[in-house]
Amino acid sequence: MQRRITQVGVIGSGIMGGGIAALLASAGIRTLLLDIVPFDLSEEEKKDPRARNRIVEKGFQNAINSKPPLFMDKKNDPRLITTGNLEDDIDKLADCDWIVEVVVEKLEIKQDLFKKVDKVRKKGTVVSSNTSGIPLKDMSEGLSDDMKQHFLGTHFFNPVRYMHLLEIIPGPDTKKDVLEFMADFCEKYLGKGVVWAKDTPNFVGNRIGIQGMGKAMNAMLEHGLAIPEVDAIFGQQMGRPKTATFKTADLVGLDTMYHVAKNCYDMCPNDEMRDTMDLPGFVTKMVENNMLGNKTGGGFYKKERDEKGKSVRKVINPETLEYEEYGKADFPCLKEAKKKSSLSEKVRAIVYGDDKGAKFAWDVIADSLIYAANRIPEISDTIVDIDNAMKWGYNFEMGPFEVWDAIGVEQSVEKMEKEGRQVPEKIKKFLGAGNETFYKIEGGRKYFYDFDSGSYKPVPVSEKQISLYNLRQENKVVKSVPSCSLIDLGDGVFDIEFHTKMNALNREMVEFMLEAHEYVRENGVGVVVGNQASGMPAPFSAGADLAYMLGLAKDGKFSEIEDFVKTGQESIMTSKYAPYPVVAAPFGLALGGGAEACLAADRVVANADLFMGLVEIGAGLLPGGCGMMHLWQNYIKYKPQVATITDYAGFFVQAFMHVAQAKVSNSAAEARNSGFLRPADRIVFNRDLLIGEAKKEVLKMVDDCYVPPRKEKFPVFGREAQGMVWAEMLSMKVGGFITPHMETISKRACYCMAGGDVPQGTQVSEEYLMKLEREAFVDLWRTEETQKMAEHMMNTGKPLFL
């Protein structure tokens, strides 16, 4: 049977149901979103379809208005969703290829719903539950054999669009081919990282995650730490998100966290660390008082206004449940960690320190590592799935077993045993066999330790995935400098990989790219420009190196700035006119120079979560790497025919405002609507597959007898644009909406993008426009205002308008 999914039914329009429906629609899949009929309808309202759909319509609108956005193309994606209710429209589920249930976590309600679904679904339709812990064997009781064979758990994490993790849980009777099809579909079409979980309470991610959060909260009271101190320790220095422990709880909701903990406590009576899921009393009181975090305006943290109207963040006092101001938390172990370069060194500095914070960190980490080891094979068969669950579902940079490798398995076990902790026998056996790490590299391939066989096995990697990490281990790096590498992807295709902080573009990188292209010209058939990084949003490239240019500006070395920009432009244009295809593979942040590198490529294969824009104006500058020129070219080349001054005005204003307002796309689809991506550019949902798909695109272009673009002149809007835009800028300055310097920057950007002082429709060369950009870029660096703005942006990541 050839399976395909063309329409999905989502039952439940709450936060998770709305998020799943939005993701499906963003992937181009027609979706039927259903919910219950309101209980409180009047007799008249019971006859009104709009009233009967009130709940589902509210959920649908909440998904549309969500921030951050759940839809990737807010204008078009919602059109793929049809709403209805479970009384009038349940028969429509017969047209669906996959039905996913996302209703309240009560077994009786789910059982009743699935029996109704069983009566209307067509044979072979996949049915899944998004339950976070109710056993599948209980939910599927009494269902038909065909439904049981097509029934599984698909546990998405919130927010659905942004969290990579999807736990797939086989039911007692689920067919193997159904499981394989769903894993492949969700990986490829929805961009998810699949972890195979067993039908146990809270599955993998939440079982490990809630133990860690519960232990941290209880240990905080035992060690006498404050909430901000816990978040300082379990933040970025430990490879965790900025939200750390308590801010994460505020984000997901204390009620959700409390429910997950209670579910685990109630359903795991034999869990050796069950007491850690019994959250502190003050947390229970907060839930009872509806202090649930961001959704209620206050949880562990709360923002208030002081007497001067300034926003002040406060933290709750666990003893009084009153909010108090707090200062920066710090410990000697954190100061030591900040001195280290690698994450492994940072974690070691924290857990092996001697201060109060370090002892707390060790207590929490030691228990979490032991706990993770004891969950194999209860919740999962491999350490890989447990590590991936924590990285993809909680945004940790390292999973438990990777952390254990980082701090040293033998050293940590010795410390654990000295303190009387119960180290699992499987760990003792692992060390007794002479093993040192749970992961190792051999022959350029990554292996993990399998407890069941007592041997190392290759880490599973999708056939569609290319790992730059593995290629580096296989000595496929053909050229390299500290900021950049050229990696052989095979078949004559090479990858230019950035590896600076935030992948910011510096002089070394732009010079290296020229060398890389020279190498490929002699030895290859095409180039991919792409990186692989973790985090959300991860940086493809956050732009040019402000620190480098600011240093030159303060020293008055403006000729060196001009030379840097000129070299950057040369690198960009070398990529554009290379005699072989160049494909950019951006994901996450692609700002400033990162966006410009993509605009010059023959083709872009972008991850669906792409935040792209020319944002230089926030740093007091304008794009200097041909970005304005290429954006304008996209507008006049791929938009309807530009013929009249009205056409030019309409397109120019759209293109210019992206620069003047430093607009950043919320997705690759939005980047396409904004002109940053072209019609032929591709969007890939799974970031792990991006490099592989980009390589395929290069080879396809080679197979199609690639011919590089010809250099040619193109029309500009000219002085007519300046008259229109400058008048608007003057009005905004007089009205107090922009500062005098912002007016100056905007006018220079307009002058460059419009082609200078020439009549509308004048054909100009690219070299002419590049010269305009260079001159304006250097002139702005000469100003005190731009230097202050750049320094503020560099130090805070936020614009300062002077």
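Predicted model: local features only at pLDDT ≥ 70, side-chain atom pairs only at ≥ 80, totals over all residues.
W404 and F438 form a tilted aromatic pair, with 5.6 Å from centre to centre and 55° between the planes. The angle falls in the tilted class because planes under 30 degrees apart count as stacked and those over 60 as edge-to-face. W404 belongs to helix α17 (residues 400–407), whereas F438 lies in the loop between α19 (425–432) and β12 (439–442), so the pair ties together parts that are 34 residues apart in sequence. The pair is part of a wider grouping. F401, W404, F430, F438, Y449, F451 and Y456 form one aromatic cluster. Across the whole structure, the search finds 28 aromatic pairs.

Aromatic rings also meet charged groups. The charged end of R274 sits over the ring of Y265, at 3.7 Å from its centre. For K711, the charged end sits over the ring of Y577, at 5.3 Å from its centre.

The model also contains an open sheet of 3 strands, in the order β9-β10-β11, with antiparallel pairing. Its edge strands are β9 (301–305) and β11 (323–325), each of which pairs on one side only. From one strand to the next, the twist averages 45°. Strands of a sheet pair through backbone hydrogen bonds. Here, β9 and β10 (residues 311–316) run antiparallel and are joined by 5 bridges. E304 stands opposite V312 in β10.

Key
Residues numbered from 1 in each chain as written. Heavy atoms only, no water. Pairing = 2+ DSSP bridges. Helix = DSSP H or I, 4+ residues; strand = E, 2+ residues; numbered from the N terminus. Axes fitted to C-alpha atoms, helices over the stretch in contact; angles between N-to-C directions. Phe/Tyr/Trp six-rings, centres within 6.5 Å; stacked < 30°, edge-to-face > 60°. Lys NZ or Arg CZ within 6 Å of the ring centre and 35° of its normal.
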